[in-house]
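I opened the model and kept short notes on what I looked up. The entries follow in the order I made them.

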Amino acid sequence: FVINSLSKPRPTLETYKYAMPGEENVPRDELIVFDVASRERVDIDVDKWKDQAVGGVYFNGGGIFVGKGSDKIYFARRDRTWSKIDLCAADTETGESQVLIAEESKPYFNTRYCQLAVLNEGRDLVWWSERDGWGHLYLYDGRGNLKRRLTEGPFVVGDITAIDTTGRTLYVNAFGK
């Protein structure tokens, strides 16, 4: 409910519908790839949890990342309580998806700084995680295998502001204690 106390001559009450757990008509997120030339449609397999959300992760400047060849699409999905999140890659021709990284965080996963950087055409991934209680960056290979931790210490890595792939340097905002 929202009360507009400035309306004249009396305050007005505005209401809006918000989907609650267990309701029959809860909106569902979908990912669909359209081939403009062939007019074909491919539905990306995003389903895992009831009432999940797709998105909520910052990818190289947007919410979903597609490589140069457009054969792969990266997306994130999270459960309704925001305590579980999967980073997935999907084949844009078949719609088949696979989980690259699965995280669980209690009481919830902080998606404010949750980021993915896809480097070297998907051969390297930089992923943000709070697995040690602080938000840090980790380097994975394109199949989701952890290579190494990139940042460490009593601070939270904020936004990735720039990536120098030649100099292999990440520029980030960080917040200390």
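**Entry 1: N4**

I looked up N4 and found it partly exposed, with a relative accessible area of 30%. The term has cut-offs: buried means under 20% relative accessible area, exposed over 50%, and partly exposed in between (1.4 Å probe, protein chains only). I noted that this is a predicted model, where local features need pLDDT of at least 70, side-chain atom pairs count only at pLDDT 80 or more, and totals for chains, interfaces and linings use all residues. Residues are numbered from 1 along each chain as its sequence is written, and side-chain values use heavy atoms, with hydrogens and water left out.

N4 lies in strand 1, residues 2-4. Strands here are DSSP runs (E, at least two residues), as helices are (H or I, at least four), numbered from the N terminus. Leaving aside neighbours within four places in sequence, I found N4 in contact with P11, T12 and E14; contact means heavy atoms within 4.5 Å. From N4 to E14 I read 7.5 Å, C-alpha to C-alpha, for residues 10 apart in sequence.

**Entry 2: backbone angles**

I checked the peptide bond from K8 to P9, and it is cis, with omega near 5 degrees. P9 is in the loop between strand 1 and strand 2 (12-14). The bond from K106 to P107 is cis, with omega near 5 degrees. P107 sits in the loop between strand 10 (97-104) and strand 11 (115-119).

Next I looked at phi. D51 is not a glycine, yet has a positive phi of about 55 degrees. I placed D51 in the loop between strand 4 and strand 5 (53-54), and D51 counts as partly exposed at 23% relative accessibility. N120, also not a glycine, has a positive phi near 50 degrees. N120 is in the loop between strand 11 and strand 12 (124-129) and is partly exposed at 33%.

**Entry 3: salt bridges**

How many salt bridges does the structure hold? I noted 9. A salt bridge is a side-chain nitrogen of Lys or Arg within 4 Å of a carboxyl oxygen of Asp or Glu.

D124 pairs with K147, the closest N and O atoms being 2.6 Å apart. This pair links distant parts of the chain, with D124 in strand 12 and K147 in strand 14 (residues 146-149), 23 residues apart. Is D124 buried or exposed? D124 counts as buried because its relative accessibility is 9%, whereas K147 is partly exposed at 46%.

D132 forms a salt bridge with R149, with 2.3 Å between the closest N and O atoms. This pair also links distant parts of the chain: D132 is in the loop between strand 12 and strand 13, R149 is in strand 14, and they are 17 residues apart. I found D132 partly exposed at 33% and R149 partly exposed at 29%.

D43 bridges to R41, with the closest N and O atoms 2.9 Å apart. D43 is partly exposed at 44%, and R41 is partly exposed at 48%. I also noted a network of salt bridges that links K48, R77 and D86.

**Entry 4: D141**

I went on to D141, which is in strand 13, residues 136-141. D141 is buried because its relative accessible area is 12%. Leaving aside neighbours within four places in sequence, D141 is in contact with R123, L125 and K147.
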